[in-house]
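Thanks for making the time this morning.

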Amino acid sequence: MIFDFVPLWTLILGLAVFFYVLLDGFDLGVGILYNFAPNTPARNLLMNSIAPIWDGNETWLVLGGIGLLAAFPLAFAIILPAIYFPILVMLLALVFRGVAFEFRFRDAEHRTFWDHAFGYGSALATFAQGVVLGAFIQGFEVEGRHFTGGSFDCITPFSLFVGVALLFGYSLLGAGWLILKTEGNLQTQARNQARICFLGTLAAVGIVSIWTPLVDGGIAQRWFSWPNIAFLSPVPVLTALFGILEWRAIADRKSELGPFIYAVLLFCLSYLGIAISLFPMIVPHHYDLWQAASSPDTQIFLGVGTLFLLPVILVYTGWSYWVFRGKVRADTGYH
Amino acid sequence: MTLDPLVLSRLQFAWVVAWHIIMPAVTIGLASYIALLEGIYFTTGKEIYFRISNFWIRIFAVCFGMGVVSGVVMPFQFGTNWSRFSDATANIISPMLAYEGLTAFTLEAGFLGVLLFGRKLVPRWAHFASAVLVAVGTLLSTFWILVTNSWMQTPGGYKLVDGIFYPTSWMEIIFNASFPYRFMHTVTAFYVTTGFVVMGVAAYLLHRGKSRDEARHMLSVTLWLLTVLVPLQIFLGDLHGLNTLKHQPAKLAAIEAHWESEARAPLALFAIPDQKAEKNHYVVEVPLLGSLILTHDVNGVVPGLKDFPPEDRAPAIIPFFAFRIMVGAGLVMLGLVAVGLWLRMRGKLYDSGWFQRTLIWSMPLGFIAVLAGWTTTEVGRQPWTVYGVMRTAHSVTPSLTGMDVLISLIGYMVVYLIMFPAGLWMVMRIVRAGVVKDGHAPVEAGRPAAPVKPVPGGGS
């Protein structure tokens with residue numbers, strides 16, 4: 001082999017999944033907070049703040065899933081059967097949530113039903129994604145090239161807890177987005193929600209950070225052995241720093257962008273933390289990135305196009321965000 | 001009876017893809033139609049095109065939403081229920097699916113928001129460009145997904161090492177033997193399906209005396225398009241059939257429920273194929289026509305199922321009937337187009353009540369043909385996932401129990417049986433309201449001024 005494409009693909013897939021978590025994270029978060037909106041005009045605004053962009057955000061879920069199939073097919077073939085039911089719940093919840101954008105406006109008689117489809121659907125999809133993450137960190141029963149456990153094995157106290165943690169996390173992103181996109185009472189409410197979600201996220205991240213090394217000796221070894229502890233110490237230190245900045249930005253009524261940005265940075269660090277814990281394994285305890293990789297021909301053929309297309313996609317995605325910039329108001333009336 | 005995860009997984013895949021495919025069948029056609037209308041409006045500035053386009057954009061939005069959410073389900077099916085297929089074929093098919101995502105989904109999603117909500121926010125040319133790019137996105141998506149599907153039908157450009165497929169030629173993988181025919185046949189099918197929906201809606205509006213000018217315009221243009229497309233589709237279907245005869249003889253034999261290989265073969269119009277007894281009951285057939293249609297030669301040899309071992313045969317009864325339903329629907333559509341042409345020449349196209357009622361009732365024809373054609377080609381491929389190389393039975397996820405799949409199948413059934421009828425009901429509601437002549441005055445670029453209400457009490 002002339003050139004090793006695995007690190008490049010690890011980076012691309014890592015970025016795609018992270019984009020998904022951030023982008024659909026904040027619009028799923030808005031969906032969770034939708035359950036707590038005081039009245040119909042407020043719900044209209046919340047929904048309109050994400051209506052033009054949610055579809056693009058969800059595209060990254062497909063790109064992430066297909067990206068895993070393309071770059072690390074063995075991992076795809078082992079992991080997806082292992083998380084059969086969380087995936088099912090996520091997909092069905094996303095169906096309800098996705099059609100609610102259109103149906104809610106067209107079907108005023110059943111608006112309450114579609115309101116619930118949107119709010120509960122967003123919460124359920126988020127919870128299921130958290131369970132997937134928890135199950136992934138714990139690892140799966142594998143023999144040869146197959147998952148050999150049962151379809152309910154992924155439901156454990158740990159994975160359920162990560163599910164709850166992600167509810168707080170996405171809600172924090174969502175509240176940050178709403179602080180940016182709304183004003184007046186709604187913005188004040190978003191700040192209050194952001195405060196609660198921040199404390200919830202902080203507690204959850206703290207508990208997961210202690211729980212993970214306790215479940216998995218390898219992860220404890222990675223973080224707490226010398227000299228790793230010195231190299232990796234910036235991760236917790238920066239997390240604490242951004243935590244303080246996030247708290248202050250939420251309280252500072254002049255800061256409209258801050259709560260969202262610091263929440264993104266906190267997600268970035270949590271993501272990095274998980275990556276550090278698991279690297280280089282893509283099927284924890286069984287296969288590393290190189291063992292699970294697709295053929296070099298496949299990685300080259302797709303890599304060339306991806307390197308060309310990704311920047312183009314980012315540019316026009318950015319443009320569509322730019323078109324819908326600014327505060328969302330009742331009279332904007334996308335619908 | 002024990003629950004078989006293989007049978008249930010096949011049922012589940014059939015269920016989710018059958019519902020999904022009817023959405024692209026109408027959104028791919030509508031995206032092109034909307035781009036056409038926006039293009040005429042952009043160049044001529046005539047208001048009527050703007051109103052018609054806005055009407056169809058509303059219907060498009062509902063259908064596209066359902067297409068997206070049912071489409072997100074699809075790639076995950078490969079992993080959850082067909083993990084051994086994914087493991088074996090990923091080197092080949094994953095770049096096709098990924099290029100579909102990178103070139104099509106992102107393009108559609110990026111410009112859909114502007115098409116639906118951005119008319120007042122961007123310059124007119126940018127809105128028109130968004131309509132075109134969404135249409136291009138839908139066609140690119142069709143391209144890549146049919147590359148994948150066709151490769152499973154007529155695999156090429158690969159080598160097999162320890163049960164895993166490796167690419168040897170990307171050109172042979174992408175432009176595999178059946179791809180060009182399948183692509184043209186499918187895109188035309190989607191255009192025709194959309195065409196009959198547009199004609200049906202126009203007929204409904206004329207019949208109810210609503211939006212007459214717009215409805216006449218929709219009917220006239222669409223009928224001209226279909227006058228070309230329906231005969232073209234029958235020609236393309238014939239080419240596709242010759243291609244199947246050459247590359248998938250066992251499938252062709254199953255479609256025709258033809259047991260003995262023979263020259264001067266008859267064409268069975270009706271029969272009840274009996275897989276066990278290896279013969280047909282209650283046969284109604286026309287002599288020589290089989291060879292003539294399938295090989296374009298009365299002396300041509302039509303392959304028989306007995307040429308292949310029993311374990312390599314598709315269950316003939318399904319593709320046999322599905323194919324006849326597709327062809328039947330196609331011939332009815334051809335007849336309708338001919339009648340429409342005749343009425344047009346006599347100057348009665350817009351005034352014939354019975355023709356309008358017929359058009360309203362023929363709206364499902366295209367969908368029936370698409371689903372029947374898809375059933376023909378997919379069941380006809382059995383017992384293989386990769387034709388002649390990898391069996392369906394060896395493709396399913398080994399860890400699944402029958403109960404697992406039963407639960408998920410019920411979940412998909414319940415949710416889809418709520419969502420799709422609700423969506424259909426909403427489309428009907430938009431149609432009933434007719435083409436809106438309200439404050440959709442053409443707007444220049446700039447920030448929005450006034451709220452826009454779609455239906456009474458319909459939100460912001």
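**The interface and the cores**

In this predicted model, the contact draws on 86 residues of chain B and 72 residues of chain A. The size of an interface is often given as the accessible area lost when the parts come together, and here the area buried between chain B and chain A comes to about 6,800 Å², with carbon and sulfur atoms giving 73% of it. As for charged pairs, the rule finds two salt bridges across this interface of chain B and chain A. B:Arg429 and A:Glu109 meet through their side chains in a salt bridge, at 2.6 Å from N to O.

Let me move on to the nonpolar cores. The largest one has 235 residues, and the members that touch the most others are A:Phe72, A:Phe140, B:Phe55, B:Trp56 and B:Met218. Helix H2 of chain B, residues 47–80, supplies the largest share of this core, namely 20 residues, and at least three residues come from each of domain 1 (27–176 + 401–450) and domain 2 (205–388) of chain B. Apart from this core lies another, of ten residues, including B:Trp259 and B:Phe320.

Finally, a local feature of chain B: strand S1 (residues 158–161) and strand S2 (residues 164–167) run antiparallel and are joined by four bridges, with B:Leu160 having B:Phe165 as its bridge partner in S2(B). Two residues sit between the strands of this hairpin, and B:Asp162 takes a positive phi near 50° there.

Definitions and conventions:
Residues numbered from 1 in each chain as written. Chains lettered and ligands numbered in written order. Predicted model: local features only at pLDDT ≥ 70, side-chain atom pairs only at ≥ 80, totals over all residues. Heavy atoms only, no water. Pairing = 2+ DSSP bridges. Core = buried A, V, L, I, M, F, W, Y, C linked by side-chain atoms within 4.5 Å. Buried < 20%, exposed > 50% of the residue type's maximum accessible area, 1.4 Å probe, protein only. Domains from an automatic or database assignment. Contact = heavy atoms within 4.5 Å. Buried area = accessible area lost by both parts, 1.4 Å probe. Salt bridge = Lys/Arg side-chain N within 4 Å of Asp/Glu carboxyl O.
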